Amino acid sequence: MTILTIPTQPFNDQKPGTSGLRKKVPVFKQAHYLENFVQSIFDTIAAPQGATLTLGGDGRYYNLEAIQTILKMAAANGFGRVLVGRCGILSTPAASCVIRKYQTFGGIILSASHNPGGPDGDFGIKYNTQNGGPAPEKITEAIFANSKKISQYLEYQASDIALDEIGEFDLGGMVVQVIDPVTDYADLMASLFDFNAIRDLLSSGFRIKFDAMHAVNGPYAKEILVKRLGATENSVMNAVPLKDFGGGHPDPNLTYAHDLVEILYGDNAPDFGAASDGDGDRNMILGNHFFVTPSDSLAVLAANAKLVPGYASGIAGIARSMPTSAAADRVAAALGIPCFETPTGWKFFGNLMDAGKVTLCGEESFGTGSNHVREKDGLWAVLFWLNILAVKKQSVQEILMAHWAQYGRNVYSRHDYEGIASDAANGVMQHLHENLGAFSGQAFGRYTVKVADDFSYTDPVDSSVSSGQGVRILFTDGSRIVFRLSGTGTEGATLRIYLEAFEPDTKQHHLDAQVALAELITIALQISQLKDRTGRDTPTVIT
Ligand code: VG1
Ligand code: CO
């Protein structure tokens, strides 16, 4: 029964990014590195004595070791109970669900999401507050400030707790409660969607394929899609979570989920395909030979929300991240509800949902969710789509074509340039910043710049301001190009270029986005001087 006070020195690089602190595993394995960050969280949140914490992760390499350390630190820091997923597993939306359902003081989620895992891969940690959502910037900034002045941390000296069985264990007076990671989440899904209708759809010959990408959602998909909804066993692929995600990149997009894409674009393709990411909060939606952009997906869910029991009484509003297309704005306008534009990252949606201003939220980066939790939610989006398909009895493509015919199409694509030298990437952004004034009013081919600025957001609930959130080049016809640097990478820099054009003409709606956006793509390369500054003009990933 000893609490150790361990002296330590600050690291200077523990600044949380878009979604928590992400570093390579060897960085996290340095002596005191994880402990310093966890103690900085505890010092910041100042939980009352005896408080309850939720704890779990996506099962990637180093997850279990980190969980054992965090349990001992929580005991030493005065927590009374920790709800931890069996074997240390909780998907990000399931963790948010558990925090809310059991009203825990907060939660620690271990994940680097869509980043690869393994001994040389990425690891990550983030803190979620009492509402179940990612800590807002003022808390992550305070954690960073504490990490720069930390001099000691507390850890209870004990042997590891067995986490592979459900039950309660004592750790120096603190209760470690090992919970089933799936049940609470699956029950929540059953309360939102018409499981009978989806079960009927799946037994009528409608075929689905869900790719868990060897990541955390495998057991969730098996329980919900196969066990509760009657999908065939082979409807779920790569369903066993692996510590290194099978060596893959657990990012559900057309590049990294190529196995699934081949199936949906192959002979005898299923009617519906979907994938989720490392920690289960992202989703990609496919139809038979058809890809739904995440921006369009949000718009379709919003337009059809009334078909789904959990949203039958209507949605209060929609929020989307700034780079996400304005497809959802058109639906909001038609429904007569507000649409909010926030910076990139789920943490900006929490206040809007807590205040009852929005029900649905989405990001172009394959993130969709609602106020049922405070994280984006991959399987939730899949079930929402299945519920709509069960009611409308149309194909995915038919639903999209009809949607575009009604609202017009926001043609959209994101081009990622990964692994650029940081100096060169910063040079591109600096060049753009310096020329914002000069771009205004300038004509490029058939496009004329209306406004060029750096996006700044004032939270309508607490008035906090977040600036420097991405360079926007807005054209007079509503088209736009956005440039921003990723805040989730662990190597060099990733420049993201977001491209959007509005196409009202139904006759053009079949066009491939890359073809429809060709001129904007050329303009983006030209005004950013990308080739000269980075030597690159071909994206690593196109979504
Ligand atoms: C990316 C996405 C962003 C998302 C974030 C976390 O951030 O662009 O929309 O919220 O990842 O996603 P960035 O800074 O690299 O562009 V993940 O699935 O942690 O859950
Ligand atoms: Co994720």
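1. A buried pair to start with: Asp277 is buried, and Arg282 is buried too, where buried means under 20% relative accessible area, exposed means over 50%, and partly exposed is in between (1.4 Å probe, protein chains only). Their side chains meet in a salt bridge, at 3.9 Å from N to O; the term stands for a side-chain nitrogen of Lys or Arg within 4 Å of a carboxyl oxygen of Asp or Glu.

2. A word on the ground rules. This is a predicted model, in which local features need pLDDT of at least 70 and side-chain atom pairs count only at pLDDT 80 or more, while totals for chains, interfaces and linings use all residues. Residues are numbered from 1 along each chain as its sequence is written, chains are lettered from A and ligands numbered from 1 in the order in which they are written, and side-chain values use heavy atoms, with hydrogens and water left out.

3. Now the wider set of charged pairs. Side chains of opposite charge can pair when their charged atoms come close. The structure holds 29 salt bridges. One of them joins Arg472 to Asp453, with 2.8 Å between the closest N and O atoms. Arg472 sits in strand S24 (residues 471-475) and Asp453 in strand S21 (residues 447-454), so this pair ties together parts that are 19 residues apart in sequence. Helices (H or I, at least four residues) and strands (E, at least two) are DSSP runs, numbered from the N terminus. Both Arg472 and Asp453 are buried. They also belong to a network of salt bridges that links Arg320, Asp329, Glu341, Asp453, Arg472, Arg480 and Glu500.

4. For a pair in another setting, look at Lys531 and Asp537, whose salt bridge has its closest N and O atoms 3.8 Å apart. Lys531 is partly exposed, with a relative accessible area of 47%, and Asp537 is partly exposed as well, at 39%.

5. Which residues come nearest to ligand 1? Of the 20 residues around this ligand, they are Thr18, Arg22, Ser113, Arg282 and Thr488, counting a residue as near if one of its heavy atoms lies within 4 Å. Arg282, from point 1, has a polar side-chain atom 2.5 Å from an oxygen atom of ligand 1. An N or O atom in the side chain of Ser365 is 2.6 Å from an oxygen atom of the ligand. Gly487 takes part through its backbone, with a polar atom 2.6 Å from an oxygen atom of ligand 1.

6. On to the open space. The largest pocket holds about 750 Å³, and of its 33 lining residues, Pro16, Gly17, Thr18, Ser486 and Gly487 lie nearest the centre. Strand S2 (21-24), H5, helix H15 (422-434) and S25 each give two or more residues to this lining. The search uses a 1 Å grid over the protein atoms alone: a cavity is a set of points where a 1.4 Å probe fits but cannot get out, a pocket is an open set with protein on both sides within 12 Å along at least five of seven lines, and lining residues have an atom within 4 Å of a point.

7. How many cavities of 30 Å³ or more does the whole structure have? The search finds five. The largest has a volume of about 300 Å³, and of its 29 lining residues, Thr18, Ser19, Arg282, Lys376 and Thr488 are closest to the centre. Grid points are joined across faces, edges and corners, and a volume is the space filled by probe spheres set on the points.

8. Lastly, a loop residue. Asp477 is found between S24 and strand S25 (480-485) and is partly exposed, with a relative accessible area of 43%. A polar contact of 2.8 Å joins its side chain to that of Ser479; such a contact is a pair of N or O atoms within 3.5 Å, where within protein one must be able to donate a hydrogen and the other to accept it, and residues adjacent in sequence count only if both atoms are side-chain atoms.
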